[in-house]
Amino acid sequence: MSFFSVLKDQIYECLIKENRYMYIVTGLGNTLLITVFAVLIGVVLGTLVALVKTAHQNDPKKMRVPNAICSVYLTVIRGTPVLVQLMIMYYIIIVGTAINDIGTAILAFGINSGAYVAEVIRSGIMSVDRGQTEAGRSLGLSQRTTMVKIVFPQAVKNVLPAIGNEFISLLKETSVAGYIGIQDLTKGGDVIRSITYQPYLPLLATAAVYLVIVIALSALLSKAERRMRRSDYR
């Protein structure tokens, strides 16, 4: 039997027979759902933490307690594996609540992402020239208004590529969601493998889907970066 005949048989057995490709399609949908909402939570949480840390850094007398809480949060989340955090969230924190598996994963990955996004945004704020803040203050703007209308927009512009990379990293990190019973993209491929006892095609197909998504996101990021660079020269 030729290579192409074997490949054709495997494609039929793994993807077409009994609509098994739907395991991958359903898994892809769950992976994207978890990633998108986790990134949103991560950006909101990371922004709040970054603002608290920056305010305390500018004036050590302010935000002492919130800064201490944020420091503990950053240390714990960045110091433990995301898989362990996911399992703690599933088996300990949300036990007895109405939150389903997908919601649990969104919370766990969102909280994890927030710790990394916080440092990205904080570095973006610190990269804005201090003269921008002084200029805003000299015009009579309050510290808050100066941060919101002058410093923060420039910081966001500086860190958008890094936020995009965090989105890509998170997309791949969600491949551990199967540990709490979620049929994500990785789990979808593994289910087909367990049904057909053929590891190559399902797992390679799963890897190919991840690769295509990452390439597409990377292309979008590159395009966004080029647009931002062009706007700097206007």
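**Helix packing and selected residues in a predicted model**

Me: In this predicted model, at what angle do helix α2 and helix α7 pack, and how far apart are their axes?
Reply: Helix α2 (residues 21-58) and helix α7 (residues 143-173) pack at about 140 degrees, and their axes are 11 Å apart.

Me: Is that crossing left-handed or right-handed?
Reply: The crossing of α2 and α7 is right-handed.

Me: Which residues make the contact?
Reply: From α2, the contact is made by Thr31, Leu32, Thr35, Val36, Ala38, Val39, Val43, Thr47, Leu51 and Thr54. From α7, Met147, Phe152, Ile163, Phe167, Leu170 and Leu171 take part.

Me: And how many of these are nonpolar, polar or charged?
Reply: The contact of α2 with α7 has 12 nonpolar and four polar residues, with no charged residues.

Me: Turning to α3 and α5, what is the geometry there?
Reply: Helix α3 (residues 64-78) packs against helix α5 (residues 101-127) at an angle of about 115 degrees, the axes being 9 Å apart. The crossing of α3 and α5 is left-handed.

Me: Which side chains or backbones meet, that is, which residues are in that contact?
Reply: On α3 they are Tyr73, Leu74, Ile77 and Arg78. On α5 they are Ile111, Asn112, Gly114, Ala115, Tyr116, Ala118 and Glu119. By class, the contact of α3 with α5 has seven nonpolar residues, two polar and two charged.

Me: What does asparagine 112 touch, leaving aside neighbours within four places in sequence?
Reply: Asparagine 112 is in contact with Ile77, Val82, Gln85 and Glu173. Of these contacts, Ile77 belongs to the part of α3 that meets α5.

Me: Back to α3. Is arginine 64 buried or exposed?
Reply: Arginine 64, which is found in helix α3, has 57% relative accessibility and therefore counts as exposed, the threshold being over 50%.

Me: How far is arginine 64 from aspartate 101?
Reply: Arginine 64 and aspartate 101 are 36 Å apart in space, C-alpha to C-alpha, and 37 residues apart in sequence.

Me: A change of topic: how many disulfides are there?
Reply: The count comes to zero disulfides, where a pair of cysteine sulfur atoms within 2.5 Å would be required.

Me: Then are cysteine 14 and cysteine 70 buried or exposed?
Reply: Cysteine 14 counts as buried at 0% relative accessibility. Cysteine 70 is also buried, with a relative accessible area of 10%.

Methods: Residues are numbered from 1 along each chain as its sequence is written. This is a predicted model: local features need pLDDT of at least 70, side-chain atom pairs count only at pLDDT 80 or more; totals for chains, interfaces and linings use all residues. Side-chain values use heavy atoms; hydrogens and water are left out. Buried means under 20% relative accessible area, exposed over 50%, partly exposed in between (1.4 Å probe, protein chains only). Axes are lines fitted to C-alpha atoms, for helices over the stretch in contact, and angles run from 0 to 180 degrees between N-to-C directions. Helices (H or I, at least four residues) and strands (E, at least two) are DSSP runs, numbered from the N terminus. A crossing is left-handed if the near helix is turned anticlockwise from the far one by less than a right angle, and right-handed if clockwise. Contact means heavy atoms within 4.5 Å. Ala, Val, Leu, Ile, Met, Phe, Trp, Tyr, Cys and Pro count as nonpolar, Asp, Glu, Lys and Arg as charged, and the others, Gly among them, as polar.
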